[in-house]
Each structure stands twice: as structure tokens, then as C-alpha cells.
Amino acid sequence: MDVNEAPRRSFLFSFGIDRLGLVALRAPYLSALLIAVLTAFAVLGVMRLKVDDSLSELFRTDTREFRQYEEIDRRFPSSEYDVLVVVEGPDLLKRAQLEAFGRTAVELQLADGVGGLVSMLSARDKPDPSGYAPPLVPDDLPEGAAYDAVVERLRDNDVVKGKFLSDDGQLALIVLALERKTVEERSPAAVIGGIDKAVSEGLAGSGLTYKLTGAPVMQLEIRNAVERDRLVYNGLGFVVGIVIAYLFFRRISLTLIAVLGPSIAILWTLGVIGGLDYRLNLFINVITPLILVSGFSDSMHLVFAIRRDVLAGVDRVQAARNAVRDVAPACLLTAMNASLALVSFAFAESALIRTFGQAALLAVAISYIAVAVVVPTLAALLIRPETGPVSKPGGDETGGVGVLQRLTDGIIGRVIERPLLFTLLGLAAVVTTGLAYVQLTPHYRLADQVPDKAQALAATGRLDQKLTGANPMHAMIQWKDGQSLYDPATLEVIAKTHSVLETQAGLGNVWSLDSLRRWLAAAGDTSIETVRKYVGVLPEHLTRRFIDKDETAVLVTARLPDVDASEILPVVEKLDRALEPVREAHPGYEIAVTGLPAIAARNSAKLIGELNWGLVGDMFVIFVFLALALRSILPGVTSILPSMFPIFATGALLWVSGEGLQFASIIAITVAFALAIDSTIHFLNRFRLEEDSLGGRPGTERAALMATAHHIGPAVVLTTIVLALGLGVTMLSHLPSLRLFGRLAAVCLFASLIGQLVILPASIALYRRYIPREG
């Protein structure tokens, strides 16, 4: 190849952006200075990064259901501020242990950030004729038979049993209401740390164990895991990438250039995200591997092209120019296609996914600019002239790269000898795995978003097993037409709603104003005035759980286990239907079923489905775009099977394992599709160049394909190995969703490699057999 040949023809819609590297090469030292300045500003943006640990933000939509959920947060103390302390021990109800439990409860009431607590010790006995209701468990515990009687009354109390004390008497629940202002001032970590210390000291020496759970604890664990994973696993992934790249390149300069390109791209992207105040969460955290996939792939192709020319004796600056002319157009095209794959996210109904889509589009653009400028600039500055024997341009490689080259040459050489057979095999694989993919059903569990090697999930599991679960489901009752809280009609609506939730399968631990009415009625007092009186003397943190400040709305709250949203949805729908007669009998009252489990049940399947089919739809838009951009039908047709196979193969794995389609699955498939289409475009771009050099005559497609394999086969394989290992380290994460992401990404990457080395060459060879190139 003549190193001074005219610039390559750009593809349609490139607008000259693929020439950014040539601009940088006109003044490489100035370009390096500009890169350093931008990197310094990016560091400032990275320092502003914050974590969004909200459990509800994923389901934030402009819908009536979510607005009702927000109404609860506004009018009632949010369940996102409840810390649940789960205390266990076989001797829990023995005198010494109950005393330790009581001391712990007192210490917790005095802990910073705790607005109030409710436990089995909060229960009262039936009121005496004067109206005084003594505590079930006195401060000074009796001994002997009198103590046994106290325990018996405690275990039989309707307010306590099954709600704050398990049936076997070995697990007790303490519910802490946190003060929002204190949490915001002192930080959740400090407040929860203080609670943990108080419980640990209170139960010391008692033989009782404890775990903390509830939304604040889960949020803290999510925040810690996200920050730890961002630092540890991303760093470990880059170390793996550097080691593997060096083992093959055997030159520090080439290794640094290959790794620094995507590294600076990630730093710039995170800097912009931090500067624009995007918050880190499960989705935004995936932007790093997304850039790693696209940026590292483009960087490797550029470095391989530069390396090939340098080994052939070409000046390093000219080698960088040649790489920009040959490879940068494909890099830009992959960025455009990645944007098309992500654009549906930017218009998703979920605010969190919509934010991810916008941030990801920014990331793709920044990543292309960074790699397109950084790699040629560093090549012009860091690569030393070749002092050894000069190799023949396009000749055989040696060392590790030579092994990869011979491997890919052999595979592609055999494939294009029988293109029909391998194309049909590819089609059969896509159809088979595609049938499994379309049978995937959406899955969502809160537990998948929370670290499973910390205490919150373990505590939640114990509550699911021993009580009725930790996740609150609410029926909110509102009225506006002159009714008051203590009108007989209002109390009747509350009582009927309470009964409906109580009899609903899958729900338990039902609480409302009617719980107080029933307790008083059991003592023989059914007076509404007595109810009003007791509401007035209850602690405010307790009454605000089920009566709003203006007394124009109440909550009836139940709890349910953490199960898949598909299992919760029938419960929510059945509950809504069961409440319909109450709504019809009392048209002046609005009754809405809400709460995070209800929102998740209603929205998760819809959101996952939208993302899934949006991605599938984007794929076909991409295939059409490829054909238009490269001014040929061949890229659009031949890219379909190799791009679809890794996605469907990953879906088939999910179907076989029964894991279903989760939010993490969609993200993993999107990232893998970005790499699949990235490698496909680089292959097609190289094939176009080789066809141009051979004149495009009929019968030259085999030579063009072998030259393409010779040039970029090693880059495709090495990129896949590095990325699979780099992304695979997320399988070490404490977050189940990130572990799933890492596992699926690794599978998808190797399926993509099969697509690039087998299905794509076979498709091109078969296409050219029947439709030769014109001109």
C-alpha cells in the first residue's frame, strides 16, 4: 500500500468528523497540551460525582400511579426512612434477653437521627375503666409465674403476634422512623452507623443477634457497592487489559496508547457527567464498560493499523495518518450506530433510564472524540522508529499477534470455502436462539439491586420467612367533600379497606386507624370519641404513619415478601378488584393501591418490554443506516446475522437458566450489541478498502476477505479477550445485577466473536457469489 496515497473516501453522513485525528496530527504537541488541560478539567468533574441510591427512581414516570406514590412521600413519613432492626435468638423471650432487648430499645430512642420507634414493647394492655392502658411489658420485669404471664400476654396480643414477634418467639422486629433533617445533615452512613453501634452495645453478652434492613440501609449498601465497584473492578479491568495487551504487543508504547485512549475517554465522560450533575446509579455505572467496549475496540483497531505500518518502516506520524484515513471512518460509524442503539433509552418512560440514555449518548460522542484524537497524538509522540528488520506491508505477524493472525486466517479461510453451509448454520443458530429470546419474560426483584453479601438482604429474608415480609404496600384513602376523619362513613371505609387487605393472600401485618378501633373494641369501648382521644395521645411519629397532618387522608399499610414483580402484580390487581365494591359504595372517597412493590409490579414488565423491543427495533434501523452510510446494500444485509446472533445467544442463556429478562440483562445486551456492530463495521470497512485495492472485479472477494482477516482478525480476537476479561471482573461484585451483567457480557462477547469470524465472512462471500460488486 502506498503510504502517500490520497485520503480515503468518507462514508455518507460523516461530515468530515472522521478527520479529527488528522487535525490533531498537524500539531501533536499542541494537541497533547489540549488533551492534558481537558483531562485536568475532567478530574474536577469526576470529583463532583454523587451516587443516586433511590430505590424508586427507576420507576419514576409521568403517570397517575407514580404521582400517587409521591403523594404518600409528601403526606406521610416515607417508608424510605424506616430502618428495621431484626433481633433473633432461641432465648429471646427469657428474662435476661428481654431486658437486653428493652435496654436496646431505650438506647435506640436516644440515638441521633431516630424520630421514634415501634416494637413489641410498645404494645399496651386493654384500657382500664379510667382509660389508662398499661404497657404489656412493664419496665421492671417480674419473675417466676408473673413473668411467664407477661410473656404469654405478649405472644397472644393481636398487635404483636405475627407483626413484631414471630410465632415461635425467636425473632422480634423494631421499626425506627428516621428524622430526615438529621439524616441529611449528618449523612445516612453516620446515622445508620450510630444505630448499629447502639444495637451492638445493647445486645452485648445477651446471646441475641441482629441485622439492619429497610430502605435507608439498602440505599447505603447500594451506594457503598457502587463506589467500591467503580474503583476496584474498573481498575482491575484496566489492569487485566494492560497485561493482556502487553503480552501481545510486547511494546510499552503501543500498550499505553491502546489503553490510554479509552481511559481518557472514560475520564472525560465521567467529568462531563459529574459536571452536569448526573448521579451514579446502576445504569450510569454501566457507562464505564460501555465506553470501555467501544473505545477499546476502536483504539485497538487504530493501534494495530499504526503498528503494522511502523513495522513496515513507515514514519510514525505518517503511520498515524494512514490509520486515521483507514480506520477512523469505521470508528465514527460505530459511534453513530451505538447512538442509534441507545437513542430509544433517551426517550424511555422511566426517568432513570431516560437519564441513562442521555448520558450514554454523551458518552458515545465523547468517547469517539477522545479516541480519535488521543490515539494518533500519542502515536506521534511515543512510538520510537523501528530499528529492527523492516517487515513487508501486510505481511505475516510474529509472536502472540502472529498466533492470532494464523488462527483467524485459518478459520475465515475454511469458512469462505463453504459460505452457503456456514451461512445456513448461522441462520439456524439465529433462528433457534431467537425463538428462545422471544419467550423471555420480564423479571424484577428489589433484591437484585441490593448487595447480597451484606446484612440488609439477609435481614429481609428472615422477615420474609418469620413474619410477613419487609416491603410495604399501601392503600391510600383520601376525601375532599366535607367529610372528616372521625365521620362514621370515613371510619367505615377505613375498616372495609383494612379487612380487604387483611384477607388478601400474600399480604400481612396490616396496620391502620382501624387497628386502634379494634383494640379499643376488644376492651369493650366502641366510642368514636375514645378513638379520637387515643389518636391525640399517641406519639406523632406513630400517628403520621397512618393519618396525614391535615386529617384528609389515611393509609392502610400491609407488608409482603420480596418476590418477583410478576408474582406481586396478580396480588396488586386482585387487591384493586377487591376494593372496587368499597369505591362504589363510597364514591366520595378515593382509594389507591400504591407503594414501591405496587409501582414495581405495574411498571417493571412494561419498562423492560419497552427497552427490549426498542433495542430490537433500533437494530434494524442500524442495518438500514449501514447500507445508506456505506452506499451499498451488502453491509446492511450481511451485518444482520452476525449482529443478531450474540444478542439472541445471550437471551437463550437467560431462557435456559430461567432468569428472564431483567434491567441488567438489557444493559448487557446493549453493550454487547455495541461491540458486535463495532467489530462488524470495522470488518466491513476493511473489506471495502481491500476490494478497492483489488479493483472490485468478480472473483476477487476471496482475496479481499483473506486480506481483511489478515489485517484485523487479530484485533477482533484480542479486543474480545481483553473486554471479556475486563468486563468479567464485574462478576466479583456484591451487586447481583452487576454480576449478571458481567456474566452476560462475557457470553455475548464470545458469541460476537463467532459472528465476526464465521457468520460475517460466510455472509459476505455468499452475497458476493450471487451479487458481484458493480464497477
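In the predicted model, helix α14 contributes Thr 423, Leu 427, Ala 429, Val 430, Thr 433, Gly 434, Ala 436 and Tyr 437 to a contact with helix α23, where the partners are Leu 641, Met 644, Phe 645, Ile 647, Phe 648, Ala 649, Gly 651, Ala 652 and Trp 655. Of the residues in this contact of α14 with α23, 13 are nonpolar and four are polar, and no charged residue takes part. Helix α14 spans residues 419–438 and helix α23 spans residues 640–657. Their axes lie 7 Å apart, and the helices pack at an angle of about 40°. The crossing of α14 past α23 is left-handed.

A second contact is formed by helix α2 (residues 28–46) and helix α9 (residues 252–275). The axes of α2 and α9 come within 7 Å and cross at roughly 50°; these two helices are therefore oblique to each other. Helix α2 passes α9 in a left-handed crossing. On the α2 side the contact consists of Ile 35, Leu 38, Thr 39, Ala 42, Val 43, Gly 45 and Val 46. These residues meet Ile 264, Leu 267, Trp 268, Leu 270, Gly 271, Gly 274 and Gly 275 of α9. The contact of α2 with α9 comprises nine nonpolar and five polar residues, with no charged residue.

Notes: Residues are numbered from 1 along each chain as its sequence is written. This is a predicted model: local features need pLDDT of at least 70, side-chain atom pairs count only at pLDDT 80 or more; totals for chains, interfaces and linings use all residues. Side-chain values use heavy atoms; hydrogens and water are left out. Axes are lines fitted to C-alpha atoms, for helices over the stretch in contact, and angles run from 0 to 180 degrees between N-to-C directions. Helices (H or I, at least four residues) and strands (E, at least two) are DSSP runs, numbered from the N terminus. Angles under 35 degrees count as roughly parallel, over 145 as roughly antiparallel, 65 to 115 as roughly perpendicular and the rest as oblique. A crossing is left-handed if the near helix is turned anticlockwise from the far one by less than a right angle, and right-handed if clockwise. Contact means heavy atoms within 4.5 Å. Ala, Val, Leu, Ile, Met, Phe, Trp, Tyr, Cys and Pro count as nonpolar, Asp, Glu, Lys and Arg as charged, and the others, Gly among them, as polar.
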